[in-house]
Amino acid sequence: VLADFAFQSRRMVERKESLGWLGLHAGIVAVVQAAVALPFVSLRALPLIAGLALLHAGIDRVKAAAARPLGLGPFLADQAAHLAILVAAWLLWPSSPVWPAALQPLFQGLAETWATVAVLAAAYAFNGHGGAAIVAGVLDRHRLDEVTDGITEEERSRGRTIGILERVILLTLVILGQWG
């Protein structure tokens with residue numbers, strides 16, 4: 001989620017047909033995976049992280065080769081494929097701890113905190129940027145040409161920014177239990 005929605009620029013998305021841009025994105029995926037898994041990483045996990053990055057790039061390559069513009073269905077299928085690969089990696093993840101037994105309590109606490117931070121960061125990244133893709137996909141299904149004619153790209157950008165802020169505020173309130 002972080003690699004796709006927080007650390008991927010619009011330019012990267014638009015140029016994934018190029019192996020250079022796709023390779024850069026795969027490298028970012030690998031670095032983000034390694035950083036998120038930092039408390040758990042052992043040398044046995046490095047091939048798994050590399051495999052995640054390569055499979056992620058493969059999915060993105062298939063999506064990039066598809067006809068444009070892509071709608072909500074292909075976006076959701078792309079995200080489901082990425083999620084399926086992450087679940088498979090989780091099931092294959094080396095289960096033995098990588099830290100010395102004497103340090104296990106310290107690293108266990110760090111791992112729990114790190115997992116919470118990673119989940120929150122992913123939730124905010126997807127909610128902000130992934131939410132924008134979902135909203136655009138839903139709105140594209142409805143012909144709003146008569147409503148949107150004459151709107152400049154600057155106004156559209158402001159609308160996207162307002163939508164991101166609304167979703168971030170809503171997620172924060174839900175996390176804090178402030179339903180009212």
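Buried stands for under 20% relative accessible area, exposed for over 50%, and partly exposed for what lies in between (1.4 Å probe, protein chains only).

**Basis of the entries**

I am working from a predicted model, in which local features need pLDDT of at least 70 and side-chain atom pairs count only at pLDDT 80 or more, while totals for chains, interfaces and linings use all residues. Residues are numbered from 1 along each chain as its sequence is written, and side-chain values use heavy atoms, with hydrogens and water left out.

**The chain as a whole**

I counted eight helices and zero strands in the chain. Helices (H or I, at least four residues) and strands (E, at least two) are DSSP runs, numbered from the N terminus. The pattern along the sequence reads α-α-α-α-α-α-α-α. Of the 180 residues in the chain, 24% are buried. Among contacts with a separation of 6 or more, 74% are between residues 24 or more positions apart; contact means heavy atoms within 4.5 Å.

I next looked up aspartate 4, which lies in helix H1 (residues 2-6). Is aspartate 4 buried or exposed? With a relative accessible area of 9%, aspartate 4 is buried. Its side chain makes a polar contact of 2.9 Å with the side chain of histidine 25, and another of 3.0 Å with that of histidine 56. A polar contact is a pair of N or O atoms within 3.5 Å; within protein, one must be able to donate a hydrogen and the other to accept it, and residues adjacent in sequence count only if both atoms are side-chain atoms. Leaving aside neighbours within four places in sequence, I listed Lys16, His25, His56, Asp60, Gln79 and His82 as the contacts of aspartate 4. I also noted that aspartate 4 and isoleucine 28, 24 residues apart in sequence, lie 9.0 Å apart in space, C-alpha to C-alpha.

Histidine 56 belongs to helix H4. Histidine 56 counts as buried because its relative accessibility is 10%. The side chains of histidine 56 and histidine 25 are joined by a polar contact of 3.1 Å. Beyond four places in sequence, histidine 56 is in contact with Asp4, His25, Val29 and His82.

**How the helices pack**

Two packed helices are described by the angle between their axes and the distance between the axes. Axes are lines fitted to C-alpha atoms, for helices over the stretch in contact, and angles run from 0 to 180 degrees between N-to-C directions.

I found that the axes of H3 and helix H4 (residues 46-65) come within 9 Å and cross at roughly 140°. H3 is therefore oblique to H4. Angles under 35 degrees count as roughly parallel, over 145 as roughly antiparallel, 65 to 115 as roughly perpendicular, and the rest as oblique. On the H3 side, the contact includes Leu22, His25 and Val29, and on the H4 side it includes Leu52, Ala53 and His56.

The axes of H4 and H5 come within 10 Å and cross at roughly 165°. H4 is therefore roughly antiparallel to H5. Among the residues making this contact are Leu52, His56 and Ile59 of H4, and Phe75, His82 and Ala89 of H5.

**Valine 29 and leucine 52**

Not counting residues up to four places away in sequence, valine 29 touches Ala3, Ala53 and His56. Leucine 52, in helix H4, is buried, with a relative accessible area of 7%. Leucine 52 and valine 29 are 23 residues apart in sequence and 8.0 Å apart in space, C-alpha to C-alpha. What does leucine 52 contact, leaving aside its neighbours within four places in sequence? I listed Gln33, Ile85, Leu86 and Ala89 for leucine 52.
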